[in-house]
Amino acid sequence: MLSSALALVDESGIGSLTIRSLAQAMGAKPMAIYHYVANKDEILDSLVDLVFSEIDLPSDHGGWRVGMYRRANSVRAVLQRHTWAIGLLESRTSPGPATLDHHEATLGVLRRAGFSVAMTAHAYALLDSYIYGFALQESALPLSGPEPVSDIAQPMRELFSGGKYPYLYEIATERVLQPGYSFGDEFEIGLNVILDALEDWISHHSR
(Lines give C-alpha, C1' and ligand atoms only; values in the text may rest on other atoms or scores of the structure.)
Protein backbone atom coordinates (compact mmCIF):
# COMPACT_ATOMS: atom_id res chain seq x y z
CA MET A 1 0.00 0.00 0.00
CA LEU A 2 2.73 2.47 0.95
CA SER A 3 4.62 1.91 -2.28
CA SER A 4 1.45 2.71 -4.23
CA ALA A 5 0.86 5.84 -2.13
CA LEU A 6 4.43 6.98 -2.63
CA ALA A 7 4.26 6.45 -6.38
CA LEU A 8 0.99 8.39 -6.49
CA VAL A 9 2.27 11.46 -4.64
CA ASP A 10 5.61 11.43 -6.45
CA GLU A 11 3.79 11.57 -9.76
CA SER A 12 0.81 13.80 -8.95
CA GLY A 13 1.62 15.66 -5.72
CA ILE A 14 0.37 15.36 -2.18
CA GLY A 15 -2.96 16.94 -3.09
CA SER A 16 -3.77 13.91 -5.22
CA LEU A 17 -3.70 11.55 -2.24
CA THR A 18 -7.11 10.47 -1.04
CA ILE A 19 -8.42 7.13 0.14
CA ARG A 20 -10.31 6.83 -3.14
CA SER A 21 -7.32 7.74 -5.36
CA LEU A 22 -5.08 5.32 -3.47
CA ALA A 23 -7.62 2.54 -3.81
CA GLN A 24 -7.88 3.24 -7.53
CA ALA A 25 -4.07 3.13 -7.88
CA MET A 26 -4.05 -0.22 -6.08
CA GLY A 27 -6.95 -1.62 -8.06
CA ALA A 28 -8.94 -2.04 -4.86
CA LYS A 29 -12.13 -0.70 -3.33
CA PRO A 30 -11.84 2.30 -0.96
CA MET A 31 -13.15 0.28 1.99
CA ALA A 32 -10.24 -2.14 1.56
CA ILE A 33 -7.77 0.65 2.44
CA TYR A 34 -9.34 0.96 5.88
CA HIS A 35 -8.17 -2.56 6.60
CA TYR A 36 -4.63 -1.11 6.76
CA VAL A 37 -5.11 2.45 8.02
CA ALA A 38 -7.74 4.40 9.94
CA ASN A 39 -7.50 7.58 7.88
CA LYS A 40 -5.42 9.70 5.52
CA ASP A 41 -3.32 11.08 8.38
CA GLU A 42 -1.95 7.62 9.10
CA ILE A 43 -0.92 7.32 5.46
CA LEU A 44 0.86 10.69 5.63
CA ASP A 45 2.65 9.68 8.83
CA SER A 46 3.88 6.51 7.14
CA LEU A 47 4.90 8.31 3.95
CA VAL A 48 6.94 10.89 5.86
CA ASP A 49 8.61 8.11 7.82
CA LEU A 50 9.36 6.31 4.56
CA VAL A 51 11.04 9.45 3.21
CA PHE A 52 13.13 9.78 6.38
CA SER A 53 14.22 6.15 5.97
CA GLU A 54 15.85 7.11 2.65
CA ILE A 55 18.05 9.78 4.27
CA ASP A 56 21.51 8.64 5.33
CA LEU A 57 21.85 8.60 9.10
CA PRO A 58 24.61 11.01 10.17
CA SER A 59 27.53 9.56 12.10
CA ASP A 60 30.63 10.74 13.93
CA HIS A 61 32.91 9.21 11.31
CA GLY A 62 35.16 12.02 10.09
CA GLY A 63 33.83 14.49 12.66
CA TRP A 64 30.62 16.42 13.18
CA ARG A 65 31.17 18.70 10.20
CA VAL A 66 31.53 15.78 7.79
CA GLY A 67 28.45 14.19 9.34
CA MET A 68 26.35 17.31 8.91
CA TYR A 69 27.68 17.87 5.39
CA ARG A 70 26.74 14.36 4.31
CA ARG A 71 23.37 14.59 6.02
CA ALA A 72 22.55 17.88 4.29
CA ASN A 73 23.36 16.49 0.87
CA SER A 74 21.39 13.32 1.57
CA VAL A 75 18.33 15.27 2.70
CA ARG A 76 18.51 17.44 -0.40
CA ALA A 77 18.86 14.41 -2.70
CA VAL A 78 15.86 12.71 -1.10
CA LEU A 79 13.76 15.88 -1.38
CA GLN A 80 14.66 16.14 -5.05
CA ARG A 81 13.05 12.70 -5.48
CA HIS A 82 10.06 13.54 -3.29
CA THR A 83 9.42 17.28 -3.69
CA TRP A 84 5.94 16.92 -2.16
CA ALA A 85 7.62 16.13 1.19
CA ILE A 86 9.48 19.45 1.57
CA GLY A 87 6.75 21.03 3.66
CA LEU A 88 5.77 17.86 5.48
CA LEU A 89 8.91 16.36 7.00
CA GLU A 90 8.58 18.29 10.24
CA SER A 91 4.79 18.49 10.30
CA ARG A 92 3.77 15.16 11.77
CA THR A 93 2.69 14.85 15.40
CA SER A 94 3.07 11.06 15.39
CA PRO A 95 6.59 10.53 14.01
CA GLY A 96 7.60 7.02 13.04
CA PRO A 97 10.76 5.10 13.93
CA ALA A 98 12.82 6.23 10.93
CA THR A 99 11.97 9.87 11.70
CA LEU A 100 12.94 9.48 15.36
CA ASP A 101 16.13 7.58 14.49
CA HIS A 102 17.15 10.37 12.12
CA HIS A 103 16.60 13.15 14.64
CA GLU A 104 18.31 11.20 17.42
CA ALA A 105 21.36 10.47 15.25
CA THR A 106 21.65 14.11 14.16
CA LEU A 107 21.36 15.43 17.70
CA GLY A 108 23.85 12.85 18.92
CA VAL A 109 26.53 13.89 16.45
CA LEU A 110 26.23 17.52 17.49
CA ARG A 111 26.10 16.84 21.24
CA ARG A 112 29.09 14.48 21.18
CA ALA A 113 31.02 17.11 19.22
CA GLY A 114 30.71 19.50 22.16
CA PHE A 115 27.66 21.55 21.18
CA SER A 116 25.61 22.53 24.22
CA VAL A 117 21.91 21.69 24.27
CA ALA A 118 21.06 25.25 23.22
CA MET A 119 23.76 25.34 20.52
CA THR A 120 22.58 21.98 19.20
CA ALA A 121 19.04 23.31 18.87
CA HIS A 122 20.33 26.45 17.10
CA ALA A 123 22.54 24.44 14.72
CA TYR A 124 19.82 21.95 13.87
CA ALA A 125 17.27 24.69 13.17
CA LEU A 126 19.74 26.67 11.07
CA LEU A 127 20.78 23.69 8.96
CA ASP A 128 17.23 22.46 8.38
CA SER A 129 15.96 25.95 7.53
CA TYR A 130 18.66 26.22 4.89
CA ILE A 131 18.24 22.70 3.49
CA TYR A 132 14.45 22.79 3.28
CA GLY A 133 14.40 26.36 2.03
CA PHE A 134 16.93 25.61 -0.69
CA ALA A 135 15.04 22.47 -1.72
CA LEU A 136 11.81 24.45 -1.97
CA GLN A 137 13.39 27.20 -4.05
CA GLU A 138 15.24 24.69 -6.24
CA SER A 139 12.04 22.81 -7.00
CA ALA A 140 10.24 26.00 -8.04
CA LEU A 141 12.82 27.72 -10.24
CA PRO A 142 12.19 27.63 -13.99
CA LEU A 143 15.85 26.86 -14.61
CA SER A 144 15.73 23.75 -12.43
CA GLY A 145 13.71 21.75 -14.93
CA PRO A 146 14.75 19.90 -18.08
CA GLU A 147 14.29 22.92 -20.35
CA PRO A 148 17.54 24.25 -21.83
CA VAL A 149 18.59 27.73 -20.72
CA SER A 150 18.25 28.94 -24.30
CA ASP A 151 14.47 28.41 -24.15
CA ILE A 152 14.01 31.13 -21.54
CA ALA A 153 17.19 33.18 -21.93
CA GLN A 154 15.93 35.60 -24.58
CA PRO A 155 12.69 36.54 -22.78
CA MET A 156 14.69 37.20 -19.61
CA ARG A 157 17.22 39.35 -21.45
CA GLU A 158 14.42 41.38 -23.05
CA LEU A 159 12.67 41.82 -19.70
CA PHE A 160 15.77 43.20 -17.98
CA SER A 161 17.47 45.00 -20.86
CA GLY A 162 15.62 48.31 -20.76
CA GLY A 163 17.96 49.85 -18.21
CA LYS A 164 15.51 49.87 -15.31
CA TYR A 165 16.95 46.73 -13.72
CA PRO A 166 20.72 46.92 -14.24
CA TYR A 167 21.65 44.49 -11.49
CA LEU A 168 19.10 41.91 -12.57
CA TYR A 169 20.38 42.22 -16.13
CA GLU A 170 23.95 41.90 -14.93
CA ILE A 171 23.45 38.75 -12.88
CA ALA A 172 21.20 37.20 -15.53
CA THR A 173 23.60 37.75 -18.44
CA GLU A 174 26.90 37.26 -16.61
CA ARG A 175 25.89 34.43 -14.32
CA VAL A 176 22.49 32.74 -14.54
CA LEU A 177 22.22 32.53 -18.33
CA GLN A 178 25.81 31.46 -18.89
CA PRO A 179 26.38 27.94 -20.28
CA GLY A 180 26.79 25.38 -17.52
CA TYR A 181 25.15 27.43 -14.80
CA SER A 182 23.17 25.42 -12.26
CA PHE A 183 21.38 26.90 -9.30
CA GLY A 184 22.06 23.65 -7.48
CA ASP A 185 25.76 24.51 -7.37
CA GLU A 186 24.92 27.25 -4.90
CA PHE A 187 23.90 24.67 -2.29
CA GLU A 188 27.38 23.66 -1.20
CA ILE A 189 28.56 27.27 -1.07
CA GLY A 190 25.81 28.21 1.37
CA LEU A 191 26.18 24.98 3.33
CA ASN A 192 29.89 25.56 3.83
CA VAL A 193 29.25 29.13 4.97
CA ILE A 194 26.91 27.77 7.66
CA LEU A 195 29.30 25.00 8.69
CA ASP A 196 32.19 27.52 8.87
CA ALA A 197 30.10 29.72 11.15
CA LEU A 198 29.12 26.78 13.37
CA GLU A 199 32.73 25.63 13.55
CA ASP A 200 33.83 29.11 14.60
CA TRP A 201 30.95 29.30 17.04
CA ILE A 202 31.74 26.07 18.83
CA SER A 203 35.47 26.85 18.97
CA HIS A 204 34.69 30.06 20.89
CA HIS A 205 31.93 28.72 23.12
CA SER A 206 33.50 25.40 24.11
CA ARG A 207 36.54 26.92 25.75
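His-102 lies in helix α6, where helices (H or I, at least four residues) and strands (E, at least two) are DSSP runs numbered from the N terminus. The model is predicted: local features need pLDDT of at least 70, side-chain atom pairs count only at pLDDT 80 or more, and totals for chains, interfaces and linings use all residues. Residues are numbered from 1 along each chain as its sequence is written, and side-chain values use heavy atoms, with hydrogens and water left out.

**Overall fold**

- The protein has 10 helices and zero strands.
- Its radius of gyration, taken over C-alpha atoms, is 21 Å, while a compact globule of 207 residues would have one near 17 Å; the globule rule is 2.2 Å times the number of residues to the power 0.38.
- Along the principal axes, the C-alpha atoms fill a box of roughly 60 × 55 × 25 Å.
- Buried residues make up 37% of the 207 residues; buried means under 20% relative accessible area, exposed over 50%, and partly exposed in between (1.4 Å probe, protein chains only).
- Of the contacts with a separation of 6 or more, 69% are between residues 24 or more positions apart, contact meaning heavy atoms within 4.5 Å.
- The accessible surface comes to about 11,700 Å², and 56% of that belongs to carbon and sulfur atoms; areas come from the Shrake-Rupley method with a 1.4 Å probe, and for residues only the protein chains shown count as cover.

**Helix α6 and His-102**

- Helix α6 (residues 97-112) has 16 residues, which at 1.5 Å a residue should span 22 Å, and its end C-alpha atoms are 22 Å apart, in agreement; the expected span is 1.5 Å times one less than the number of residues.
- The buried residues of α6 include Ala-98, Thr-99, His-103 and Leu-110, and the buried residues of this helix pack against α4 (40-54), α5 (64-81) and α7 (117-140).
- His-102 counts as buried because its relative accessibility is 1%.
- Beyond its neighbours within four places in sequence, His-102 is in contact with residues including Phe-52, Pro-58, Arg-71 and Tyr-124.
- Gly-108, also in helix α6, is buried at 13% relative accessibility.
- Gly-108 and Pro-58 are 50 residues apart in sequence, with their C-alpha atoms 9.0 Å apart in space.
- Gly-114, which follows α6, has a positive phi near 110°.

**Salt bridges**

- The whole structure holds nine salt bridges, each a side-chain nitrogen of Lys or Arg within 4 Å of a carboxyl oxygen of Asp or Glu.
- Asp-60 and Arg-112 meet in a salt bridge at 2.8 Å, N to O. This pair links the loop between α4 and α5, which holds Asp-60, to helix α6, which holds Arg-112, across 52 residues.
- Asp-60 is partly exposed at 37% relative accessible area, and Arg-112 is exposed at 58%.
- Asp-128 and Arg-71 form a salt bridge at 2.7 Å, N to O. The pair links Asp-128 in helix α7 to Arg-71 in helix α5, 57 residues apart.
- Asp-128 is buried at 9% relative accessibility, and Arg-71 is buried at 2% relative accessible area.
- Glu-138 and Arg-76 form a salt bridge at 2.6 Å, N to O. Glu-138 lies in helix α7 and Arg-76 in helix α5, so the pair ties together parts 62 residues apart in sequence.
- Both Glu-138 and Arg-76 are buried.
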